[in-house]
Amino acid sequence: MLFKTGRLALRSATAATALIALTATSLSPAFVGIARAQVQAPAVPNSLQPRAQGPASVADLAEGLLDAVVNISTSQTVKGQDGESGPVPMPKVPEGSPFQEFFDEYFGKQKPGENNPSHKVQSLGSGFVVDAAEGIVVTNNHVIADADEIEVNFNDGSKLKATLVGKDTKTDLAVLKVDPKRHKLVAVKFGDSSKTRIGDWVMAIGNPFGLGGTVTVGIVSARNRDINSGPYDNFIQTDAAINRGNSGGPLFDMYGQVIGINTAIISPTGGSIGIGFAIPAELASGVIAQIRQFGEARRGWLGVRIQPVTDDIAESLGMTSSKGALVAGIIEGGPVANGSILAGDVITRFDGREVNNVKDLPRVVAESPIGKEVDVVVIRKGKEQTVKVTLGRLEDGDQQAAKKDDQTTGEDGAVQGVDVLGMTLGKLDENTRKTFGIAKEVEGVLVTEVQNGSVAASKRIAAGDVIVDIAQETVSTPNDVAARIEKLRDEGRKNALLMLASKTGELRFVTLQMD
């Protein structure tokens, strides 16, 4: 179960106290013997030693960082369950119940707003100062989301009201500002998280369960984790204890630099089980800089629709491995609508960075400056080439959302054509456009019928789909399709890559086995 680690409400002092249990242990002789054996063990050769070792104590490091980490307290006014202040509805009771008269008497006397008033909900999270002169504090967006008031609590017990500079929901980051004249601030710096390796020691400081100034130590357990929380997931996984209330707090390396922002945990109980996630500094630092400058994140935009490169697609394109992002369509009016990138291209490298899978491309494009000219390496018709693209600005909202395909099945237009791979193909003309409801701008070869149980049916090809090209070569007649399939068979290909257009013109790729 995945939990965001902020927004913890402490309902009572008793509940908070119950979280704490004191225990005491002593070292047994056997344990001491093991410790001595470890100390007396022969030295490990330098070639086998890790790059960096955890220090014997992190006390000095923690002491210098605690004042830069803050607790975030928010309050929010919440209306009654019915959305407004109003009376509690009368419960349903069996007819003739002896308690009926009491319910009638109590609930009949209620006045609007009397028993369901608005109330305030408080929550806690963590944050850290990145600019002492300007009073800039960083935290998670979900820590301060919908808050009416935000308060920053410092390690020495002092408190300051904070204002929201800006936020970014896609990366779950928020930037706050406090008055630096009212409190002496200590700031920390971002490090280079790209150099962080699995096994490196890290330290988390935060406000778990309202217990501020809590220090935990662990290692980097994994990198580049995708937990399906957003479009740019690239988390650092750590076993340093992270609990609810740690959200927005920093994850430090052993040099005292912030390499991540703690944001989520996986836990069946809500407590730490050693699987926590932090937004890497390489992603967070750029977003925070943009929020400080513009009040929002501004991302690069390529203007393509993409889909994964499967093993079948890779084989059909003559690729040795299924890497990269397959361009399924070009957005009209976008940066590459000029033909620099074509539907059917496979993007394998963007601005010097490898694109290993379909989720890599949106992230590296979004991190690139708007207006920058970049080199994009694509595989087109089996050959690798480099094209230059000037990035646009990504527009949020529904404007760039893909249109849904029209799923209305048209009446079968009695057009006789060529049968290929379980599909009956026909010519696309005015009559068939009207019969199947196909848009004027769609060009290609019409699929008029699909045989049940065929390879085409297994890939959800349906009557009314239009074949635009096969293996990156355009087709315009049923005979073109048949000839292209035969040519691929002669070349020893096992699969054929088809670009299909829906009735409204939305493109997608499918691979069909030709065995």
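Predicted model: local features only at pLDDT ≥ 70, side-chain atom pairs only at ≥ 80, totals over all residues.

Author: Begin with the end of a helix.

Reader: Which residues of α6 are buried?

Author: A residue counts as buried when its relative accessible area is under 20%. In α6 the buried residues are A281, L283, A284, V287, I288 and I291. They cover an arc of only 150° around the axis, so they lie on the same side of α6.

Reader: What covers the buried residues of α6?

Author: The cover includes the strands β4 (136–140), β6 (159–168) and β7 (173–177). It also includes β12 (258–266) and β13 (276–280).

Reader: How do I read a nonpolar core, and which residues of the largest one touch the most other members?

Author: The largest nonpolar core has 30 residues, of which M203, F252 and I261 touch the most other members. Elements that each supply at least two residues of this core include α3 (59–65), β3 (119–131), β8 (201–206) and β12. Helix α6 gives the most to this core, with five residues.

Reader: What is F252 in contact with, leaving aside its neighbours within four places in sequence?

Author: F252 is in contact with L65, V69, V188, W201, V202, M203, I205, Q257, V258 and I259. There is also a second, separate core of 22 residues, which includes L425, V445, I461 and L512.

Reader: How many aromatic pairs does a search of the whole structure find?

Author: For a pair of rings, read the distance between the centres and the angle between the planes. The search finds two aromatic pairs. One of them, F128 with F190, is edge-to-face, at 6.0 Å centre to centre with 75° between the planes. F128 is in strand β3 and F190 is in the loop between β7 and β8, 62 residues apart, so the pair links distant parts of the chain.

Reader: Is F128 buried or exposed?

Author: F128 counts as buried because its relative accessibility is 0%. F190 has a relative accessible area of 24%, so this residue is partly exposed.

Reader: Where does R298 lie?

Author: R298 lies over the face of F294, at 4.0 Å from the ring centre.

Terms used
Residues numbered from 1 in each chain as written. Heavy atoms only, no water. Buried < 20%, exposed > 50% of the residue type's maximum accessible area, 1.4 Å probe, protein only. Helix = DSSP H or I, 4+ residues; strand = E, 2+ residues; numbered from the N terminus. Arc of directions from axis to C-beta. Contact = heavy atoms within 4.5 Å. Core = buried A, V, L, I, M, F, W, Y, C linked by side-chain atoms within 4.5 Å. Phe/Tyr/Trp six-rings, centres within 6.5 Å; stacked < 30°, edge-to-face > 60°. Lys NZ or Arg CZ within 6 Å of the ring centre and 35° of its normal.
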